[in-house]
Amino acid sequence: MAEAKVLSGAGLRGQIAGQTALSTVGKDGAGLTYRGYDVRELAKDCLFEEVAYLLLYGELPNAAQLDAYLQRLQGLRDLPQALKEVLERIPADAHPMDVIRTGCSMLGNLEPEHSFDEQRDITDRLLAAFPAIMCYWYRFSHQGVRIDCVTGEADLGGHFLALLHGKKPSELHRKVMNVSLILYAEHEFNASTFAGRVCASTLSDLYSCVTASIGTLRGPLHGGANEAAMEMIEKYASPEEATAGTLAMLARKDKIMGFGHAIYSVSDPRNEVIKVWSKLLAEEVGDTVLFPVSEAIDKVMWEQKKLFPNADFYHASAYNFMDIPTKLFTPIFVCSRVTGWAAHVFEQRANNRIIRPSAEYIGVKPRTVPLLGHR
Ligand SMILES: CC(=O)SCCNC(=O)CCNC(=O)[C@H](O)C(C)(C)COP(=O)(O)OP(=O)(O)OC[C@H]1O[C@@H](n2cnc3c(N)ncnc32)[C@H](O)[C@@H]1OP(=O)(O)O
Ligand SMILES: O=C([O-])CC(=O)C(=O)O
């Protein structure tokens, strides 16, 4: 059995910062479970909405509950006119993570959380509305089109692709989006979730918690890595170039985006799932470059550093094969992770003490303030 990673040092690594019943990450170096279920099993057999329900409501839904939940989310997809107007004012060169952060915040102004009793309703609303927030802005700012935010697609993955491309997605693409949303849904005390829990611990509102999480997910060391990985992969025209380029980056001590993990030591279980789907998509589009380049980088990273691809690496090629613009990669993560974030806010609120760690002071010794003219 694999060794768990030795967790200590900076970045609060290895500190127990609270309790959760939502997921386990990296037990025996590799596993991921949501409320006791292996993520690989969930990704094989479930709809993303079943997993969202599991995280938010505690158990997998039965058929009637799932049907009602799908209907409910479909009814919450449209955006208020005032939010559309705000989205129309955001420039085309804005980063979509900034757009989705603003969209979340604006919705919090228009439909505020008056009481924690509303937390589940607001989560469902955000979950249903995020694809439209992202795609309404994208299609308006890039193509001058005011899209209809209601698509008639039953599931969130299909809905997102239909909004983005203006047509019904293929069954393969719908399936891959569904799997991707499941893989990204929840991950214990990662940085964005922890930021959301810190915000929740002050008894702030749900929109503020989610906005804090979005801002934290945006960075390339966290959710932004799928986008950064794509930018790296597409620089190479062949596996040979990728091998030489990666070796050169390692020699310069550059970080290779999409590799390594704070908790997993052996592998990221989400990688083996998304890699299979990325390969299938590569075959579908007849790719002879992106997937082999990705595998070449993967090989160098293992041989040179014993570092493995995390959830983000093969997501980059998978999304690219589905014609998703690179800058929308990280916002898709938001569309999924809002379930995990919100479930953590519910947990924090149910057993709260304000999160307030201590700092080790390393500054100058106490001294007196010199008068302005003496400095
Ligand atoms: C969905 C997600 O958020 S998954 C994470 C997405 N982020 C990325 O892919 C960004 C690239 N990866 C990284 O920056 C890191 O691996 C992190 C941020 C994910 C984890 O950071 P840490 O917990 O500090 O990593 P860890 O302790 O395992 O690092 C061990 C060594 O490997 C190096 N290392 C880790 N990841 C990488 C990488 N991707 N490329 C090159 N070197 C790396 C570290 O610099 C460190 O070297 P050192 O001992 O010489 O300082
Ligand atoms: O757990 C982490 O540190 C990052 C991660 O993989 C995630 O949030 O999905």
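Where in the structure does Asp312 lie? In this predicted model, Asp312 is found in the loop between helix 14 and helix 15.

## The two annotated residues

Let's start with the record: UniProt, in an unreviewed entry, puts the feature "active site" at His261 and Asp312. They span 52 residues in sequence, but no two of their C-alpha atoms are more than 10.6 Å apart, so the pair gathers at one spot.

Asp312 counts as buried, at 6% relative accessibility. A polar contact of 2.5 Å links its side chain with that of Tyr184. Setting aside neighbours within four places in sequence, Asp312 also touches His222, Gly223, Ala225, Asn226 and Phe333, as well as Tyr184.

His261 belongs to another loop, the one between helix 12 (239-251) and helix 13 (269-285). With a relative accessible area of 22%, His261 is partly exposed. A polar atom of its side chain sits 2.9 Å from the backbone nitrogen of Ile263. Beyond four places in sequence, the contacts of His261 include Lys5, His187, Arg270 and Asn310.

## Asn310, a buried neighbour

Asn310 sits in the loop between helix 14 (290-305) and helix 15 (313-321). At 9% relative accessibility, Asn310 is buried, and its contacts away from its sequence neighbours are Gly258, Phe259, Gly260, His261, Asp268 and Asn271.

## Around ligand 2

So who lines up around ligand 2? The residues there are His187, Asn190, His222, His261, Arg270, Phe333 and Arg337. By class, that's one nonpolar, four polar and two charged residues.

On its own, ligand 2 exposes 270 Å², and the protein buries 83% of that.

## Around ligand 1

Ligand 1 has 21 residues around it, and the closest are Lys5, His222, Ile256, Gly258 and Phe259. Sorted by class, the shell holds 10 nonpolar, five polar and six charged residues.

Some polar pairs here involve the backbone: a polar backbone atom of Leu221 is 2.8 Å from a nitrogen atom of ligand 1, and a backbone N or O atom of Phe259 is 2.8 Å from a nitrogen atom of the ligand. His222 uses its side chain, with an N or O atom 2.8 Å from an oxygen atom of ligand 1. Taken alone, ligand 1 exposes 930 Å², of which the protein buries 67%.

Key
Residues numbered from 1 in each chain as written. Chains lettered and ligands numbered in written order. Predicted model: local features only at pLDDT ≥ 70, side-chain atom pairs only at ≥ 80, totals over all residues. Heavy atoms only, no water. Near = heavy atom within 4 Å. Areas by Shrake-Rupley, 256 points an atom, 1.4 Å probe, with all protein chains shown as cover. Nonpolar A, V, L, I, M, F, W, Y, C, P; charged D, E, K, R; others polar. Helix = DSSP H or I, 4+ residues; strand = E, 2+ residues; numbered from the N terminus. Buried < 20%, exposed > 50% of the residue type's maximum accessible area, 1.4 Å probe, protein only. Contact = heavy atoms within 4.5 Å. Polar contact = N/O pair within 3.5 Å; in protein donor to acceptor, adjacent residues only side chain to side chain. UniProt positions renumbered as here; feature names shortened; annotations may be inferred.
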